[in-house]
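Please look through the structure below before reading the points that follow. They are meant for someone who has not seen it before.

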Amino acid sequence: MGSTLFRAAALSAAALCLVTTISATSSPAGAAACGTTNVALNRPATASSTENGGTPASAAVDGNAGTRWSSQFSDPQWLQVDLGSTQQVCRVSLNWEGAYGKAFQVQVTGNAADPNSWRDIYSTTTSTGGAQSLDVTGSGRHLRVLGTQRGTGWGYSLWELGVNTATDPTTVPPTDPRNPDFGPNVHVYGPGSSQAETQSRLDSISAQMKTNQFGPQRHAVLFKPGTYNADVNLRFYTQIAGLGLLPDDVNINGHIRVEADWLQQGNDPNNLGNATQNFWRGAENLSVTLPPNQIERWAVSQATAYRRMHLRGQAHLWNGYDGWASGGLIVDSRIDDVVVSGSQQQFLTRNSNLVNGWAGSVWNMVFAGTQGAPADHFPDPSHTVVDNSPVTREKPFLYFTPSGEYRVFLPSVRTNSRGTSWENGNAGTSVSLADFFIVKPGTPTATINAALAQGKHLLLTPGIHQVDDTIRVTRPNTVVLGLGLATLTPTTGKAALTTSDVDGVRLAGFLVDAGVRNSPVLLEIGDSSAADHAANPTSLHDVYLRVGGSQAGKATVSMRVNSRNTIIDHTWVWRADHGEGVSWTANPGQNGVVVNGDNVIAYGLFVEHYQQHNVIWNGNGGRTYMFQNELPYDPPNQAAWMNGSKRGWAAYKVADSVTTHEAHGVGVYAFNQADPSIVTDNGFEAPNRSGVRFRHLVTVSLGGVGTIANVINNTGGVANTANQVRYLVSYP
């Protein structure tokens with residue numbers, strides 16, 4: 001339909017905002033400001049016809065100015081979009097390709113099935129095509145562009161259709177717990193779903209996300225209770241989860257696996273077994289039954305959780321041959337056959353049931369409250385075992401009831417616990433999704449805060465949420481639950497999210513990605529450390545923070561914990577060492593985690609590459625179970641890596657004022673890529689007193705590139721080219 005050159009000329013026109021289907025009710029002009037969010041983006045779109053298979057209706061609402069919808073060469077033709085709910089439309093944007101509509105109407109309705117319900121909100125007979133921004137007034141769920149006279153001999157062709165709506169930012173729409181609108185990046189399947197279509201979608205997501213380490217795409221794939229045949233090859237920014245109340249309510253016959261098959265290892269371009277960048281993904285609340293004589297590959301590193309899972313079979317935590325792997329988490333899970341750790345450098349298994357045990361160790365395998373864990377031994381084999389987890393609360397999760405309602409389950413706090421939370425009971429409460437506000441990319445921060453002020457919880461849908469103000473959690477027992485690694489990016493140099501010093505806040509399942517304007521802090525828990533929250537602590541589960549990698553992000557402190565008794569249940573706090581906007585000056589980050597509150601517990605504390613102390617622990621009574629750190633790769637020289645007269649900054653610093661602290665299974669690595677002659681005096685620093693105790697410490701000079709002179713407090717020996725690994729059983 002026309003030449004490539006002809007169509008390329010039209011592409012230079014500015015991409016428009018998406019258009020929405022609106023009902024026939026008008027609203028007063030000027031009642032509210034016209035928003036800038038394109039509410040038609042990736043919404044369901046249909047058309048009267050298409051020119052060919054490469055120009056579907058969906059291409060006009062995909063946000064890509066290089067794809068288009070085009071019709072057959074006749075009049076009339078139409079394109080319509082379903083906004084999902086009644087919206088007040090204030091602007092429609094059309095980006096015509098060279099084949100434009102000379103005469104057309106923009107119409108809205110609340111019921112697209114009724115052909116007589118459409119009402120014009122814009123009409124013209126003299127359009128000349130190109131990029132058009134039309135101020136309109138109307139409200140409804142569906143919007144269509146009806147072309148009645150073509151401007152050329154071709155059909156109608158739109159690069160993009162955009163829709164803006166006028167909303168009062170303090171108006172919080174309700175959530176239907178039986179038919180919620182999760183947006184386009186949540187894929188829900190039930191027992192009646194086509195297995196072929198389900199597998200096709202899983203395969204397409206896997207292909208899109210295989211190497212998509214810093215892209216904006218996000219996915220959550222959710223299975224309602226039932227049995228499915230599926231092979232899930234889990235890639236970046238993808239969450240696979242069951243919607244049952246118990247893991248065994250959803251069974252996958254097949255695999256939920258993570259492969260090390262894309263990243264080069266060493267100098268051999270054919271060796272793609274490197275798992276050290278298999279980040280940002282998770283599987284939870286499912287059972288998996290493996291095919292006979294097969295194993296589950298779970299070759300992962302940081303920010304990857306295997307949570308509340310039941311695996312009927314054996315798991316291998318690396319590529320099975322020679323691949324590197326570094327970090328990961330198994331929590332609240334039952335694995336019926338042996339877990340083989342292979343090349344995993346450090347790993348945490350918490351409150352799980354390893355029915356047939358564990359095989360392997362490298363630098364530190366940590367087990368807390370886990371049945372079937374190996375015997376405590378260090379350093380050969382390097383197994384750090386704590387029989388019972390002192391205080392835990394498991395991650396909240398979405399589930400689907402037999403009556404057809406979506407709810408969120410809130411597990412109870414457990415003390416001195418061992419084993420899973422669900423095999424012998426499932427203690428907790430649940431909340432209807434009607435009590436949640438569903439946050440989609442583009443939702444104004446003012447609306448989010450209005451929902452919180454009204455007592456709503458938040459469900460963050462997959463995507464990039466750019467926030468121009470701080471999300472403020474002020475009420476006790478508030479839940480903020482992310483799906484599909486939903487990502488908060490502050491755009492104005494403020495914190496992305498803060499909580500007040502209140503009981504029982506739960507934050508789970510999202511990533512905070514620093515913006516290009518420096519934030520003094522990205523995530524702050526509590527505004528003081530005065531109140532005791534032992535009976536109902538705040539907890540963070542699979543909450544990750546990043547400075548750089550996707551852009552030149554900047555943040556002085558990534559996470560600051562002021563509230564007492566906070567539980568940190570798995571986090572990766574990362575100043576990027578690769579990706580976009582990465583250098584000693586491009587993505588500055590002073591400290592990863594600063595703990596000011598007393599009696600804070602961290603299970604799985606991964607903090608890396610910050611330019612001063614990666615962790616500063618100021619509160620008393622702190623406990624850490626598994627700490628993994630890499631010091632920054634990029635100090636340009638020793639002068640840039642000095643703490644006064646000390647060479648470098650200890651990764652984990654317990655303040656001199658602290659009288660009680662415990663750390664179990666902790667490691668610090670050096671890889672001074674920019675200047676291998678750089679020395680860091682100590683991996684750890686802490687006051688030398690009886691109440692401050694470290695157990696099973698390791699420092700590593702990775703490949704002998706850089707030196708850590710001592711493990712802790714000038715004790716433990718040097719890790720360097722000649723002696724690349726140093727172990728210390730205990731301190732003091």
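1. Begin with the aromatic rings. Phe 214, Phe 236, Tyr 237, Trp 262, Phe 279, Trp 280, Trp 572 and Trp 574 belong to one cluster, joined through ring pairs. The model is a predicted one, and a search of the whole structure finds 34 aromatic pairs in it.

2. A second pair is made by Tyr 652 and Phe 694. The planes of their rings are at 80° and the centres 5.7 Å apart, so this pair is edge-to-face; the cut-off for that label is an angle over 60 degrees. Here 42 residues separate the partners, with Tyr 652 in strand E49 (residues 652-654) and Phe 694 in strand E52 (residues 692-701). Tyr 652 and Phe 694 are both buried.

3. The charged end of Lys 224 sits over the ring of Phe 400, at 4.2 Å from its centre.

4. Which residues touch the most other members of the largest nonpolar core? They are Leu 458, Leu 507, Phe 627, Tyr 652, Phe 684 and Phe 694, in a core of 69 residues. Leaving aside residues up to four places away in sequence, Phe 694 has contacts that include Tyr 652, Val 654, His 661, Phe 684, Ile 712 and Tyr 731. Apart from this core lies another, of 62 residues, with Val 250, Ile 252, Trp 298 and Leu 317 among them.

5. Now the open sheet. Its 6 strands run in the order E10-E12-E14-E17-E20-E23, with parallel pairing. The edge strands, E10 (226-233) and E23 (353-354), each pair on one side only. Between E10 and strand E12 (residues 250-257) there are 8 bridges in the parallel sense. Ala 230 has Gly 254 in E12 as its bridge partner.

6. Is helix H3 (residues 445-453) mostly covered or mostly open? H3 is mostly covered, as 7 of its 9 residues are buried. The buried residues are Thr 445, Thr 447, Ile 448, Asn 449, Ala 450, Ala 451 and Leu 452. Strands are part of the cover: E32 (436-439), E33 (457-460), E34 (464-467) and E35 (471-473) are included in it. After H3 comes Gly 455, with a positive phi near 90°.

7. A last point concerns Ser 85, in strand E3 (residues 77-96). Its relative accessible area is 35%, so Ser 85 is partly exposed. Beyond residues up to four places away in sequence, Ser 85 touches Gly 140 and Arg 141. Thr 276 is 191 residues from Ser 85 in sequence, and their C-alpha atoms are 43 Å apart in space.

Notes:
Residues are numbered from 1 along each chain as its sequence is written. This is a predicted model: local features need pLDDT of at least 70, side-chain atom pairs count only at pLDDT 80 or more; totals for chains, interfaces and linings use all residues. Side-chain values use heavy atoms; hydrogens and water are left out. Rings of Phe, Tyr and Trp (its six-membered ring) pair if their centres lie within 6.5 Å; planes under 30 degrees apart count as stacked, over 60 as edge-to-face and the rest as tilted. Helices (H or I, at least four residues) and strands (E, at least two) are DSSP runs, numbered from the N terminus. Buried means under 20% relative accessible area, exposed over 50%, partly exposed in between (1.4 Å probe, protein chains only). A charge sits over a ring if NZ of Lys or CZ of Arg is within 6 Å of the ring centre and within 35 degrees of the ring normal. A nonpolar core is a set of buried Ala, Val, Leu, Ile, Met, Phe, Trp, Tyr and Cys residues joined through side-chain atoms within 4.5 Å. Contact means heavy atoms within 4.5 Å. Two strands pair if DSSP finds at least two bridges between them.
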